[in-house]
Amino acid sequence: MSLRLKITLWVSIGLMVILFFSFTFVYYMFIRVTTKGEIDLLKDKASALLLKDLPNHPEYWKDNMQMDELLIPQEMLRYITPDSKVAHEIYSDTNLASYPASYSTKASEALVTDADGILLFVRTPVFKDGKQVALLEIGRSLRRLGVYSEMLISILVLTSIGALILALIGGYFYTNVLFRPLKQFIATMQNIEESGSFRHIELPANQANDELKRLGNTFNRMIDRLQDMFRKQEQFLADASHELRTPLTIIESYASLLRRWASSNDQLREEALEAIVSESAQLKLLTQNLLSLTNTNRENCEQHADFDLIPLVEQTAASLRVTSSREIRVQCENNMKELPMTGDSYQIRQLLIILIDNALKYSQKIVDIRIFLQDKQVVLKVMDQGIGIAEEDLPHIFDRFYRSDKARNRKQGGAGLGLAIAQHIVQKHHGTIELQSTLGLGSTAVVTLPQSCQ
């Protein structure tokens with residue numbers, strides 16, 4: 001069963017339930033209001049008869065002229081004694097007179113439904129010298145009310161049937177209009193599935209800003225993101241293939257050279273072996289960076305632990321100071337001795353190595369590291385006085401495999417993945433990273449991190 005048919009049926013069923021309870025209430029109120037009005041009229045008539053002092057004037061019942069003036073068609077008047085016998089009775093409807101008399105000490109009213117229609121009885125005690133001596137019963141046949149009620153039921157049933165038919169027809173056409181954009185969505189998705197190309201859903205400019213339009217806009221934004229991700233994935237695969245192919249080609253070339261000529265030439269053999277070792281190291285570094293980038297995308301700061309940032313920075317700077325034989329200064333503002341954080345200390349160390357290593361590669365002067373707190377955020381700056389980065393290259397500096405100077409990066413062993421890894425580490429710790437640079441004057445990497453990545 002299609003969703004359109006389901007909605008049509010459920011709307012129709014809901015409408016019928018509402019109509020059933022509404023019409024039931026209307027019928028009940030119609031009967032109640034009408035019968036209550038009749039009861040009030042009969043009570044007023046009983047009060048008028050009691051004013052005639054019936055116990056002391058039995059002749060009223062014998063002289064019908066006294067009572068007939070109060071008797072209307074389809075009505076009955078009874079005077080019932082305590083032994084439940086009818087002492088006096090006049091009536092204009094034999095059906096009312098056929099109902100047995102019953103004595104009661106309390107005023108009451110009764111509504112009876114039979115084949116002849118609705119019968120209404122009002123009973124009022126009759127007192128003499130403060131003591132009840134009889135019961136006055138007035139009955140009235142509401143045969144016309146029964147006819148009206150049957151007519152009302154017929155009208156309500158016909159109205160319900162008409163409403164059901166209109167609901168089915170209207171629901172079918174309304175859902176057809178409602179689901180027209182969904183059909184377009186489905187057709188576009190099927191086209192994307194079959195062709196493998198990305199397409200937007202065309203939305204009319206004058207369409208109301210309803211859920212369907214928001215759904216279409218969301219779908220189009222999702223397509224844009226998927227298309228962008230697909231483009232980046234293609235670019236990533238192309239760049240990775242290129243980066244992997246270069247060292248493999250060199251290794252293969254020198255291996256072939258060794259096989260053919262190096263056995264008799266010691267200098268050539270040493271050159272080939274050195275090139276193979278160098279390119280193997282480059283290949284290993286590239287593979288490690290790719291794995292690191294993949295792991296950084298997946299972890300989302302799951303391995304969080306408490307650590308002190310200042311000793312971590314100082315130890316990392318000390319290690320790189322030894323390996324590079326360069327001056328690296330660490331400065332903590334406000335004489336901070338400790339800076340507790342929660343996160344992945346291994347990834348934070350990897351982040352520091354990437355930033356400091358970049359500063360060392362592109363600068364021959366001192367590298368400065370500053371640590372301070374700003375608005376309850378940890379700010380880490382790595383500053384160099386190197387070659388800097390051109391302004392047009394700054395927006396792309398965090399892209400994978402991007403190089404502002406491919407020749408220099410290749411010479412120094414870079415693969416263009418370091419800053420991309422650094423950015424993902426910062427993002428997983430819910431922080432920000434920014435690279436400020438002026439060509440020829442140096443660069444400053446600014447990292448802002450919360451003290452807890454949770």
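Which exposed residues does the face of H6 turned away from its buried side carry?

A: The face of H6 turned away from its buried side carries the exposed residues Arg 180, Glu 193 and Glu 194. This is a predicted model, in which local features need pLDDT of at least 70 and side-chain atom pairs count only at pLDDT 80 or more, while totals for chains, interfaces and linings use all residues. Residues are numbered from 1 along each chain as its sequence is written, and side-chain values use heavy atoms, with hydrogens and water left out.

Helices (H or I, at least four residues) and strands (E, at least two) are DSSP runs, numbered from the N terminus. Buried means under 20% relative accessible area, exposed over 50%, and partly exposed in between (1.4 Å probe, protein chains only).

Helix H6 covers residues 180-195. Its 16 residues, at 1.5 Å a residue, should span 22 Å, and its end C-alpha atoms are 22 Å apart, which agrees; the expected span is 1.5 Å times one less than the number of residues. The buried residues of H6 are Pro 181, Phe 185, Thr 188 and Ile 192. Seen down the helix axis, these buried residues fall within an arc of 70 degrees, so they line one face of H6; the arc is that of the directions from the axis to the C-beta atoms. Just after H6, Gly 196 has a positive phi of about 75 degrees.

Next come the charged pairs. A salt bridge is a side-chain nitrogen of Lys or Arg within 4 Å of a carboxyl oxygen of Asp or Glu, and a search of the whole structure finds eleven. One of them joins Arg 140 and Glu 38, at 2.6 Å from N to O. This pair links distant parts of the chain, with Arg 140 in strand E5 (residues 131-142) and Glu 38 in helix H1 (residues 3-50), 102 residues apart. Arg 140 counts as buried at 10% relative accessibility, and Glu 38 is buried at 19%. Glu 38, Lys 45, Glu 75 and Arg 140 are linked in a network of salt bridges.

Asp 357 is partly exposed at 30% relative accessibility, and Lys 361 is partly exposed at 23%.
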